[in-house]
Amino acid sequence: MAERTDDMGFGGLRLIQDTEEFCYGIDAVLAAGFAARNRHEKIIDLGTNNGVIPLILSRISSAEFIAGAEKQRRGFELAVRNAQLNGLQDRLEFKLCDILDIAEHYKKGSFDAVVCNPPYFEKSTGIINDSKGLAAARHETTAGLEDFIKCAAYLLTNKGAFYMIHRPSRIVDIAWHCRNNGLEPKYMRFISPKEGVKPNLLLVECRKNGGRELKFMDPLIVYDSEGNYTKEILEIYRKE
């Protein structure tokens with residue numbers, strides 16, 4: 001177990017991380033920034049790990065209550081400690097639970113927004129890390145893509161918003177499962193490492209029981225030609 005505490009920015013946020021298990025990346029920042037585009041009162045992050053997305057949302061959104069569900073005890077304990085470290089115990093709530101058992105912890109329609117940065121790889125694909133924490137963060141070990149989407153549909157109020165970051169290769173699966181569970185895709189945005197490079201990430205916004213109209217936003221470019229963050233990425237990080 002190797003811990004470190006990082007200064008994240010976002011108004012002085014600090015984050016305790018286990019460097020042997022999971023360290024947050026730009027994916028979490030982009031997911032939080034995408035969700036913060038709209039106003040919400042109650043938000044939950046599915047698979048929150050050390051609570052990084054709720055922490056960021058506490059600074060860049062006006063939500064009164066932000067929750068996080070995490071099945072790995074180590075990640076859950078770090079999330080609780082991170083809320084305490086930043087004095088956010090009254091605004092953030094973390095539950096030690098598998099999303100497959102979410103009904104045991106929250107009532108149907110408890111939130112007006114759900115955020116999710118789920119494992120990208122299906123259970124039978126890729127090399128699975130020996131670390132249980134890293135394996136669960138990267139691969140669908142127990143819950144799969146459809147399970148996360150079903151969980152979001154259960155938790156959302158009517159017309160509530162579901163935000164997900166994933167891989168473009170799963171776009172058909174995402175749209176299929178979302179529509180089948182009453183979450184209508186409304187916006188999608190592709191993310192590319194550099195200009196002219198194929199996208200490696202995808203942001204999706206759905207609305208529960210929303211009308212059928214999907215809009216593609218302008219692509220988001222992470223790095224400029226000199227290898228620095230683009231202006232829009234710096235704005236998302238609140239560094240511009």
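Me: Buried means under 20% relative accessible area, exposed means over 50%, and partly exposed covers what lies in between. In this predicted model, what is the relative accessible area of Phe 190?

Reply: The class and the value go together here. Phe 190 is partly exposed, because its value lies between the limits of 20% and 50%. Its relative accessible area is 26%.

Me: What is the mean pLDDT of the chain?

Reply: Of the residues, 92% reach a pLDDT of 70 or more. The mean pLDDT of the chain is 92.

Me: Over which residues is the pLDDT below 50, and how many contacts does this stretch have beyond near neighbours in sequence?

Reply: The pLDDT is below 50 over residues 133-140. Beyond near neighbours in sequence, the model gives this stretch a contact count of 32.

Me: How many aromatic pairs are there?

Reply: A pair requires ring centres within 6.5 Å. By this rule the count of aromatic pairs is seven.

Me: What is the angle between the planes of Phe 65 and Phe 111?

Reply: The ring centres of Phe 65 and Phe 111 are 6.2 Å apart, and the pair is stacked. Stacked pairs have planes under 30 degrees apart. For Phe 65 and Phe 111 the angle is 20 degrees.

Me: How many residues apart are Phe 65 and Phe 111?

Reply: Phe 65 is in strand S4 (residues 65-70), while Phe 111 is in strand S6 (residues 111-116). The pair therefore links distant parts of the chain. The separation is 46 residues.

Me: How far apart in sequence are the parts that the pair of Phe 190 and Phe 216 ties together?

Reply: The rings of Phe 190 and Phe 216 are stacked, with 6.1 Å centre to centre and 10 degrees between the planes. Phe 190 lies in strand S8 (residues 183-194) and Phe 216 lies in strand S10 (residues 215-216). The parts tied together are therefore apart in sequence by 26 residues.

Me: Which residue is the bridge partner of Tyr 187 in S10?

Reply: S8 and S10 run parallel and are joined by two bridges. Arg 37 has its charged end over the ring of Tyr 187, 5.6 Å from the ring centre. In S10, the bridge partner of Tyr 187 is Lys 215.

Me: Which residue in S11 is the bridge partner of Lys 194?

Reply: Strand S11 (residues 220-223) runs parallel to S8, with three bridges joining them. Ring pairs link Tyr 223 with Phe 10, Tyr 229 and Tyr 237 into a cluster. The bridge partner of Lys 194 in S11 is Tyr 223.

Me: How many of the eleven residues of S7 are buried?

Reply: S7 pairs with S6 in the parallel sense over five bridges, and six bridges join S7 to S9 in the antiparallel sense. Val 115 stands opposite Tyr 163 in S7, whereas Met 164 stands opposite Val 204 in S9. S7 is mostly covered, and its count of buried residues is eight.

Me: Which residue has the backbone oxygen that the side chain of His 166 reaches at 3.5 Å?

Reply: His 166 lies in strand S7 (residues 156-166). At 0% relative accessibility, His 166 counts as buried. Leaving aside neighbours within four places in sequence, its contacts include Pro 118, Tyr 120, Leu 145 and Asn 200. The backbone oxygen reached by its side chain at 3.5 Å belongs to Pro 119.

Me: In which helix is Ile 174?

Reply: Ile 174 counts as buried, at 1% relative accessibility. Not counting residues up to four places away in sequence, Ile 174 touches residues including His 166, Met 164 and Val 204. Its helix spans residues 171-180 and is numbered H6.

Terms used: Residues numbered from 1 in each chain as written. Predicted model: local features only at pLDDT ≥ 70, side-chain atom pairs only at ≥ 80, totals over all residues. Heavy atoms only, no water. Phe/Tyr/Trp six-rings, centres within 6.5 Å; stacked < 30°, edge-to-face > 60°. Helix = DSSP H or I, 4+ residues; strand = E, 2+ residues; numbered from the N terminus. Buried < 20%, exposed > 50% of the residue type's maximum accessible area, 1.4 Å probe, protein only. Lys NZ or Arg CZ within 6 Å of the ring centre and 35° of its normal. Polar contact = N/O pair within 3.5 Å; in protein donor to acceptor, adjacent residues only side chain to side chain. Contact = heavy atoms within 4.5 Å. pLDDT = per-residue confidence, 0-100. Pairing = 2+ DSSP bridges.
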